[in-house]
Amino acid sequence: MTNNKLIDIMKQKHIIIPLYMFNNYKKLKISLDEFIFLMYLSNQGDSLLFNPETICKDLGIDLKEVMNYISVLSEKHLLTVETIKNEKGLIEEIIKLEDFYNRFSLIMTEDMVKKDHSKSSIFSVIEKEFGRTLSPMEYEIIKAWLENNMSEEIITEALKEATFNGVSNLRYIDKILYEWGKLGLKTKEDVMKNKMKRRKEKEQPSEIFDYDWFDDDE
């Protein structure tokens, strides 16, 4: 009899918790109980029909606890409860977890940035020059440069060029790298040679034609 009950328990519906989320839920500043409650909702789907009785039964908690979890997690901007009309015109409440997923997505992005920072110094070099932390979008731009085989050396030179022109903007640096790419400049040495060439071209005196317009027989 005991074995049969155990088998019945094992066959009950499971709550699947991704290991990454379990290891990082504290970054959301929530308790373990609140996290488990969120994961229960997540396992039900993106938009869950709010049925307090079912939640109470599944989690073995009373209605007061359910409403408290909903209130607290809503205040922490990890879920929203929306009121809609169903096909029959009846009012229903839907629990949505987009805020929860967005928060975890941001955590994952920040972790990726930190991980790549440890592999590459260019991220910290640019942050130091800009005097602030890079945004996720800026991180993706720099990552794309590296994935397109742009060396940290050439990116650093483009950063210096932008700083010299008083611009702290990755899109401006991207334009510099694009122009250098068209010229075939791939190293610091290439950039220096190109600058010297341009400087010499500017220093060369332009030709002045000595032409006597009054003695022109034609």
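Reply: Let's start at Phe-100, which counts as buried because its relative accessibility is 0% (buried is under 20% relative accessible area, exposed over 50% and partly exposed in between, with a 1.4 Å probe and protein chains only). Keep in mind that this is a predicted model, so local features need pLDDT of at least 70 and side-chain atom pairs count only at pLDDT 80 or more, while totals for chains, interfaces and linings use all residues. Residues are numbered from 1 along each chain as its sequence is written, and side-chain values use heavy atoms, with hydrogens and water left out.

The next residue to look at is Tyr-101, which is partly exposed because its relative accessible area is 27%. Its ring and that of Phe-100 have centres 5.6 Å apart and planes at 50°, so the pair is tilted. For the cut-offs, rings of Phe, Tyr and Trp (its six-membered ring) pair if their centres lie within 6.5 Å, and planes under 30 degrees apart are stacked, over 60 edge-to-face, and the rest tilted. Phe-100 and Tyr-101 belong to one aromatic cluster together with Tyr-20 and Phe-104. A search of the whole structure turns up 7 aromatic pairs.

Now for the wider fold. The protein has 11 helices and 3 strands (DSSP runs numbered from the N terminus: H or I with at least four residues for helices, E with at least two for strands). Along the sequence the pattern reads α-α-α-β-α-α-β-β-α-α-α-α-α-α. Of the 218 residues in the protein, 27% are buried. Counting contacts with a separation of 6 or more, 53% come from residues 24 or more positions apart (a contact is heavy atoms within 4.5 Å).

The strands make an open sheet in the order S1-S3-S2, with antiparallel pairing (two strands pair if DSSP finds at least two bridges between them). S1 (47-49) and S2 (80-85) are the edge strands, each pairing on one side only. Neighbouring strands in this sheet are turned by 35° against each other on average, direction ignored. Between S1 and S3 (residues 91-96) there are 3 bridges, and 6 bridges join S2 to S3. Ile-95 is a handy landmark in S3: it is the bridge partner of Leu-48, and Val-81 stands opposite it as well. Glu-82, in turn, stands opposite Ile-94 in S3. The hairpin of S2 and S3 has 5 residues between the strands, and Gly-89 takes a positive phi near 85° there.

On the helical side, H3 (residues 32-44) and H4 (residues 52-59) pack at about 115°, with their axes 12 Å apart. Those axes are lines fitted to C-alpha atoms over the stretch in contact, and angles run from 0 to 180 degrees between N-to-C directions. From H3 come Phe-37, Tyr-40 and Leu-41, which meet Thr-54, Ile-55, Asp-58 and Leu-59 in H4. By type, the residues of this contact split into 5 nonpolar, 1 polar and 1 charged (Ala, Val, Leu, Ile, Met, Phe, Trp, Tyr, Cys and Pro are nonpolar, Asp, Glu, Lys and Arg charged, and the others, Gly among them, polar).

Glu-157 lies in H9 (residues 152-164) and counts as buried because its relative accessibility is 6%. Leaving aside neighbours within four places in sequence, Glu-157 is in contact with Trp-180 and Lys-188. Lys-143, found in H8 (residues 136-147), is partly exposed because its relative accessible area is 23%. Lys-143 and Phe-123 are 20 residues apart along the chain, and their C-alpha atoms are separated by 9.1 Å.
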